[in-house]
Every structure is written in structure tokens, then in C-alpha cells.
Amino acid sequence: MGIKTFEFEQLDETLHFEELENGLKVYVLEKKGFNKTYATFTTHYGSVDNHFKPLGKNEEVKVPDGIAHFLEHKLFEKEHGDVFQDFSKQGASANAFTTFNRTAYLFSTTSDVKKNLTTLIDFVQEPYFTEKTVEKEKGIIGQEIRMYDDNPDWRVYFGLIENMYHHHPVKIDIAGTEKSIAEITKDTLYECYETFYHPSNMILFIVGPINASEILDFVRENQSQKTFKEKAHIERFFEKEPSSVAKAEKIIEMTVQTPKCYIGFKEAAPNRNGKELMRHELCVNLALEMMLGKSSPNYEALYEEGLIDQTFSFDYTEEYGFGFSMLGGDTQSPDELVDRVSEMVEKFKQESVSVDSFERARKKKIGAFLRSLNSPEFIANQFTRYAFNEMDLFDVIPVFESLEVNDVEEVLQNHFKKEAMTVCQVRKKKS
Amino acid sequence: MGIVNHEKTDLHGITVHTIETKKYKTTSFILQIKEAIDEKNVTKRALLSFVLQSGTKDFPSSKELRSALDDLYGATLHADLSKKGENQVISIRMEVANEKFLSNSEPVLDKAFHLLSQVLLAPALENGVFKENIIKKEKRSLKQQIESIYDDKMRYANKRLLEEMYETEPYRLNVYGNENEVDAITSKELFDYYQEVIRNDKLDLYVIGDISASEMVEKVKEHFRFPENRSGDKVSNNRTKDEKRISEVKEIFEEQDVQQGKLHMGYRTYSTYSDDDYFALQVFNGVFGGFSHSKLFINVREKESLAYYAASRFESHKGAVFVMSGIETANYEKAVKIIKEQHEEIKNGNITDSEFEQTKAMINNQVLETIDHPIGLSEVLYHNVVAGTNRTIEEWIEGIKNVTKEDVVEVAKKVTLDTIFFLKGAGTNGN
């Protein structure tokens with residue numbers, strides 16, 4: 001199939017790409033002057049993929065909540081011991097994370113790139129699950145779940161997502177619950193593994209002071225020595241999700257001093273991909289920036305009224321099947337904050353968008369994007385996320401430059417709807 | 001020229017550090033303002049860091065300042081506080097896009113320089129003191145910041161450990177100060193304190209990017225004008241050689257409604273950054289709990305499934321190692337026993353070759369990775385300013401390489417447990 005290269009002149013970057021025979025997509029970005037090489041090996045499989053047809057079977061299955069994350073933990077354990085150790089013997093630090101729809105395994109190193117790359121590819125492609133090691137992990141993950149239970153920021157974030165969704169599994173905590181993980185067995189792990197860890201469902205991204213063609217040869221060679229099943233389309237099932245929110249408000253009580261309050265807007269039609277998704281994402285983010293960014297009159301007013309502090313933030317997330325914006329932070333008066341922000345959003349929708357503030361917001365976002373490109377981690381993780389959604393990370397600046405004021409106006413009307421709004425608060429527990 | 005091209009120039013009142021590199025798509029400015037932490041000024045100094053980033057003479061409100069930054073292609077400006085040994089350091093960081101990546105090549109660098117100098121030297125004033133309405137808002141933000149520590153149970157437990165362990169030493173002070181002192185600070189008092197800072201504090205400015213060192217020095221001379229009577233080279237008291245000797249381990253328990261107990265343990269090391277055995281201390285921490293191959297991770301998490309995290313970190317300038325782990329309240333005795341045993345193991349020289357070599361490889365990797373990031377690089381270099389040393393990164397790497405197991409055993413014998421703080425769950429164990 002051969003190596004393709006993509007030049008991004010304005011950014012002074014060249015990306016090398018090859019899709020191998022087994023379907024694995026490999027990307028290499030040379031970063032001169034850096035010490036570190038960073039590699040991620042990611043499957044398009046996360047916490048939402050809990051209902052699917054296992055590879056080679058005819059019947060669909062539902063698997064326990066938290067299994068994608070559990071699998072991530074367990075892949076590190078091998079018959080000879082812990083893969084973390086293999087990496088650290090080779091001077092690399094390894095890690096992994098599970099999101100709603102991705103599981104990524106990664107390392108960073110300043111020496112022995114090829115050796116570490118072999119370790120990364122091989123450990124992900126050679127599962128070893130036993131009943132005993134699966135049981136042992138339940139205690140560790142149980143403590144991880146409790147750690148998150150004590151974290152008010154995590155609780156308010158998930159509380160808000162729970163409010164939004166009636167059925168979609170994005171509302172399920174990525175790690176599951178102590179109860180749901182109790183049901184996990186080595187056989188269910190294998191079943192998920194066989195289905196979702198096929199090379200054709202994965203992306204390998206390597207960035208650092210390396211030689212691209214050498215690295216691609218090396219990966220090709222590694223893969224040609226292994227046999228894989230024929231690639232097959234993965235069938236995943238999701239219940240139909242209404243566009244309304246499941247719950248308009250929730251209050252969680254915890255031992256905190258300062259309440260937290262977040263407002264969410266649920267995206268009604270999260271079924272975009274490619275450039276259309278990128279344009280939409282960038283537009284919602286611009287709209288948020290203009291409406292509530294630090295240089296906006298609204299931010300100034302909220303700060304002055306004592307309703308927000310420096311923890312105030314906002315963000316938009318969209319993946320196939322779900323999408324939402326969230327905004328909020330610590331506040332002494334959560335109800336008042338909700339009232340004021342809803343007022344501001346309504347008013348902003350009625351007024352015409354100022355060209356000045358549009359230009360300013362766009363400049364700010366372009367600058368922030370350039371800053372992100374200093375980070376090899378950002379490039380690898382975001383590129384992969386974009387690629388799974390058929391977008392190209394390096395299109396961000398041209399797409400920003402192609403946007404116009406009326407694109408933002410359209411998003412304002414369609415995304416920030418009253419009926420799509422929901423609120424979650426963490427408040428001080430009454431003793 | 002070594003791994004980094006670091007040049008240092010002492011000007012009147014400020015030391016300029018330039019690092020020329022083509023690695024980044026941005027130019028970073030990091031201004032470090034250092035003074036000994038003390039009871040009298042700790043809260044004022046914290047408030048000052050909030051006030052300085054809220055307006056300048058030309059942009060006298062947060063909104064105007066943020067708009068100016070957005071117009072500079074989303075330049076970021078951020079002031080924060082850290083404790084380095086017994087110093088309370090204010091760091092003002094600014095990062096701006098490199099013009100060459102912008103379609104319309106605006107001259108942002110010079111404007112950025114000017115703006116940064118104004119943040120330090122020309123704050124927003126009225127009647128010769130800080131603007132009342134900025135003070136009022138930032139007091140509230142600071143109070144919320146202090147309160148938020150309580151809400152994050154890991155940070156809270158760490159804060160309580162320091163208060164107990166350093167009961168009579170300045171290191172006990174929280175870098176954000178005391179909540180109950182915030183309201184009483186007047187605009188006049190804060191401005192008087194600010195003038196002291198400008199007159200006396202040690203100032204170091206790091207400029208990192210695709211720049212010319214000599215041009216940067218000229219720009220600093222042009223923009224940063226200090227009062228004639230500025231001293232700025234006050235010898236600071238960063239060494240506390242006469243560290244307290246410990247006769248008995250202090251054990252403090254506190255109860256809160258949390259799902260998971262937070263165990264924090266503080267050790268004194270009796271050596272700091274400028275000591276010859278500093279490198280051995282680094283390796284000790286790595287063998288003990290710095291990595292995922294370390295004794296704490298292997299024994300507390302992997303062997304016993306007691307925790308999701310069990311790690312240690314160390315403070316270079318005060319000379320301390322801190323252990324932290326999230327455990328079931330009922331497992332307190334067991335976890336403490338295992339942690340103490342790991343320290344004993346190292347004292348007795350029970351360090352395998354692979355543990356030892358892995359640790360050194362990982363530390364080497366860690367420092368090389370850290371300096372890939374502009375802030376990381378400036379922090380590594382700034383250690384020299386705080387400790388009054390002149391160590392290059394090459395010497396640092398060499399220092400780690402030369403550490404022997406015997407050195408680690410020697411330093412492990414000096415390391416002494418001082419205080420254990422345990423935040424335990426109140427009766428309930430969640431479900």
C-alpha cells in the first residue's frame with residue numbers, strides 16, 4: 001500500500017502514514033530537537049461499547065459496566081509479570097487510559113525507541129487473562145472507583161452527563177461500579193478483546209526525534225510476523241436516544257466547603273463526522289468563548305457579582321452518538337449562577353454576533369492550538385481521536401480560518417436550547 | 001553548547017535566562033519572583049499574585065487585559081504560587097505564538113514583552129494604590145482557592161500533614177496563605193508590600209523559543225525599568241541545615257465522610273539540592289516510591305491490592321520525602337507496616353540490580369522529558385537559583401549515573417519518618 005506523506009507547510013510539520021495489510025493504521029511525525037519519543041497504540045473501543053456482536057458470533061451480547069477500563073488494566077499483566085517493568089527496564093514510562101470510546105496504551109522514552117515500540121505492540125497484541133489475576137484486580141480498581149467517588153469535580157462532571165442521557169451508555173462511569181466489575185470474568189475479557197483489538201480497529205501513532213521510514217519498516221516487519229483473523233465490521237448497538245435531557249437538575253451532597261455548579265447543553269443530533277464535525281466543534285467552542293470567555297462582558301459580570309472564580313471553565317465534546325457542552329465551576333451561589341447564565345445565553349442568542357469578538361475569539365483559539373502542538377502527547381492523542389472521527393488534526397487552522405460569523409450564529413440557535421439544558425450541583429452535606 | 005543552550009545575563013534588578021531553540025511553535029516567558037515564606041506576609045503575597053494578573057495601567061480591568069491577550073493570538077498569562085524550600089515563589093508565565101506560524105505575521109513578540117513588563121511594573125492603580133474593586137474580587141477568589149483545598153481530599157490531607165510535621169517551621173505555611181487573614185488586607189497595605197517586592201525580591205526571567213539571546217537582553221533593558229534603590233540580591237535563607245531531629249513519630253488521625261482513607265506520611269531527608277548526596281536521594285526516592293516499579297507500588301498495590309495509588313515524591317529544597325496512598329480505613333495498620341518495611345529494606349541494602357538500574361534509567365528519562373517542555377525546562381534550571389548552585393543538565397545526568405547502591409543505603413539511613421497523617425472514613429464504607 002505504501003507510505004503516504006502529508007506536508008503541513010504553514011505548521012512546518014510532515015506526517016507519514018501507512019495502512020498495513022492487517023488494517024492497522026500507522027502514523028509517524030518527526031519532531032526534531034525533542035528528546036522524547038511518545039507512542040500511543042489506541043483501539044476504537046471504550047466504555048460506551050457495552051452492547052455488540054462478538055467477532056465470529058451471531059448473537060449480540062451485553063457486557064458489564066467498566067469492562068473496557070478493566071481490560072486496559074489487565075492487559076499489562078503477563079505470564080512473566082508486569083509489562084510496566086519491561087518498559088522501565090528500557091528507560092520508558094508507560095501508561096494507559098480509557099475514555100468513552102477509546103482505549104489508549106502509551107509510552108514515552110528518551111532511549112531505545114524500537115525496543116519499547118516492540119514492547120508496546122506486543123503486549124497489546126498478546127492478552128493473558130487468568131481467573132486469579134482478574135480477581136486480584138477487582139480490589140485495585142475498587143480503590144480507584146472510591147478515589148473518584150471522593151472527588152467532587154468528577155462527581156459533578158458525571159452527574160451532569162447522567163442528567164443528559166436516558167439510555168446512551170456515555171452516562172455510565174468509565175470504571176463501572178464495585179458491583180458491576182464483580183461480574184467480570186476472564187472469558188468476557190477475551191470476548192471483548194477479540195472483537196475490539198483487531199488491528200483494523202486500531203491506530204498506532206509515534207512522534208519524536210525519529211526517522212519515519214525506518215520506524216514504519218520496523219512496525220511493518222513486526223506485524224508481518226503475526227497472524228490475525230480476517231478483519232470484519234464491528235456491529236455495536238445503541239438504543240435510540242431522545243434529544244431531550246433525562247433530568248433537568250441534580251444535587252449531590254458531599255463534604256465540601258465550596259459548592260460546584262455545572263450547566264450542560266445536550267447536542268440534539270450528534271451524528272456528524274469528518275470536516276462537518278470539526279466545523280461544528282470549533283463553532284460551538286467559538287460560541288462559548290465569545291459568550292463566556294475571560295474577555296467577554298458576561299464573564300466580567302459574573303466575576304464581579306461573585307458568582308464565579310478562576311475555576312470557571314467550559315468545553316464542548318462530541319463523538320459519534322453523543323455530544324454536549326458544559327460550563328461552570330466553584331460558586332457560593334449555584335442557583336443564582338444558573339439563573340444568570342441562562343439569562344445570558346438567551347440574550348446572546350437574540351443579539352447579533354459582533355465581528356470583533358468573533359475575530360478575537362478565533363485568534364485566541366488559533367494561538368491555543370499552536371501552543372498545543374508543542375506537546376507530543378497532545379498531537380498523538382488528539383490526532384488519534386480526530387482520525388477515529390475521520391477528521392485531520394492538522395486541518396484545524398484552515399477550518400478555523402474558513403469559519404464565518406453566521407456559522408457561529410447558527411450553532412448558537414441550534415445547540416443552546418432551553419430544553420437541552422441541565423444542571424448538576426455538588427453541595428455541602430448537612431451534618 | 002550542551003543539551004540546552006542556556007545563557008544567563010545579570011542586569012540591574014533582574015537576571016535574564018535565554019534558551020534558544022527551534023523546538024516550539026511559541027515563545028515562553030517565565031518570570032520567577034522569590035522571597036522567603038513567612039507568617040507575616042504569606043497571605044499578602046498570595047493575594048498579590050492574584051491582583052497582578054487582573055489589570056495593568058493600560059488595561060485596567062481583567063476584561064481589558066484578557067482582550068489584549070486574545071488579540072495577541074491568544075497569548076496566555078498566568079500567575080501562580082509555589083513553595084520551593086522555605087520560599088514562596090510567584091511565577092508569572094506568558095506564552096505567545098511564534099509569528100512565523102501565523103498567516104499574517106503580526107509582530108506579537110514585542111507587544112508580549114511590553115505587556116509582561118507592565119503586569120509586573122505598571123499595575124492598575126487608583127489614588128496611588130491598587131484599585132479597590134480588583135482587590136475586592138481577588139480576595140474572594142483567593143478565599144475560594146484556599147477553601148477548595150479542603151474539597152480535594154488528597155490535597156487537604158497533604159496540607160494537614162505539612163501543618164503537623166512542620167508545626168514550628170515556616171514550611172508549614174500554605175502557599176495561598178490563611179483564609180482568615182484575607183479580608184483584613186487593605187489596598188494600601190498590599191501596595192506597600194508590592195513596592196517591597198519590586199525593591200527586594202529576587203527576579204529571574206526565562207525566555208524560551210526561536211529567539212536571539214542578545215535581542216532578548218536588549219528588550220528586557222528597554223521594558224523592565226527598576227527603581228534605583230532596588231537591591232534584589234539579598235542573600236536568602238534557603239538552607240535549614242539544622243533540621244529538626246526526630247525522637248518519636250507523630251501520628252495524627254482525622255475523620256471525615258469519605259469513601260477512601262487518605263494516608264500521607266512525611267520523612268525528613270537531611271539533605272537538599274545543593275548537597276553531594278542529592279543524587280543518591282533522587283535514586284532512593286525512585287526505588288522507594290517514585291515509579292511503577294518502585295517498592296511501594298509493587299508491595300502496597302500489586303502484591304496486596306490495598307490501593308490504587310501508593311507513591312512517594314520528594315521536595316528538593318526543604319529536604320523531605322512524602323508518601324501518599326488511598327486505602328480502606330480498616331487497612332491502615334497493614335499499609336503503614338508495609339510502607340515502613342520498604343524503607344527498612346532499602347536501609348538494609350535489599351535493592352535488586354534491576355530495581356536499581358531501572359530507577360536510574362527512569363530518572364534519566366524523566367529529566368530529559370521534563371526539559372522538552374518550556375515550563376519544565378525553566379523549573380529544572382531554576383533549581384540552581386533556589387539552591388545557589390550552578391549545575392548543568394549534563395552534570396545532573398552524570399550525577400545520577402554515578403550513584404552506587406551504597407550511596408542509596410547511606411542516604412536511606414538518614415531519611416527519617418517524622419509524621420503520619422490519616423484522613424479516615426467516618427464509619428461508612430460506601431457501596
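Trainee: Which residues have the most contacts inside the largest nonpolar core?

Mentor: This is a predicted model, in which local features need pLDDT of at least 70, side-chain atom pairs count only at pLDDT 80 or more, and totals for chains, interfaces and linings use all residues. Residues are numbered from 1 along each chain as its sequence is written, while chains are lettered from A and ligands numbered from 1 in the order in which they are written. A nonpolar core is a set of buried Ala, Val, Leu, Ile, Met, Phe, Trp, Tyr and Cys residues joined through C-beta atoms within 7 Å; a residue is buried if 20 or more other C-beta atoms, placed from the backbone, lie within 10 Å of its own, exposed if 12 or fewer, and partly exposed in between. The largest core has 177 residues, and those with the most contacts inside it are A:A287 and B:A112.

Trainee: Which helix gives the largest share of this core?

Mentor: Helices (H or I, at least four residues) and strands (E, at least two) are DSSP runs, numbered from the N terminus. The largest share is eleven residues, and these come from chain A, residues 274–292, helix α9.

Trainee: With which residues is A:A287 in contact, leaving aside its neighbours within four places in sequence?

Mentor: Contact requires that the C-beta atoms of two residues, placed from the backbone, lie within 7 Å. With those neighbours excluded, the partners of A:A287 are A:V408, A:V411 and A:L412.

Trainee: Is A:L403 buried or partly exposed?

Mentor: A:L403 lies in the loop between α14 (396–402) and α15 (405–415) of chain A. Beyond four places in sequence, A:L403 touches A:R279, A:L282 and A:C283. Because 16 other C-beta atoms lie within 10 Å, A:L403 is partly exposed.

Trainee: How many residues does α5(A) give to the side of domain 1 of chain A that touches domain 2 of chain A?

Mentor: Chain A is divided into domain 1 (4–224) and domain 2 (249–428), with bounds from an automatic or database domain assignment. The contact takes 32 residues from domain 1 and 29 residues from domain 2 of chain A. By class, the domain 1 side has 17 nonpolar, nine polar and six charged residues, where Ala, Val, Leu, Ile, Met, Phe, Trp, Tyr, Cys and Pro count as nonpolar, Asp, Glu, Lys and Arg as charged, and the others, Gly among them, as polar. The largest share of that side comes from α5(A), with eight residues.

Trainee: How many charged residues are on the side of chain B that touches chain A?

Mentor: In this interface, 52 residues of chain B are in contact with 53 residues of chain A. The side of chain B divides into 14 nonpolar and 20 polar residues, with the charged ones numbering 18.

Trainee: What radius of gyration does chain A have?

Mentor: The radius is taken over C-alpha atoms, and the globule rule is 2.2 Å times the number of residues to the power 0.38. For 431 residues, a compact globule would have a value near 22 Å, and this agrees with that of chain A, 23 Å.
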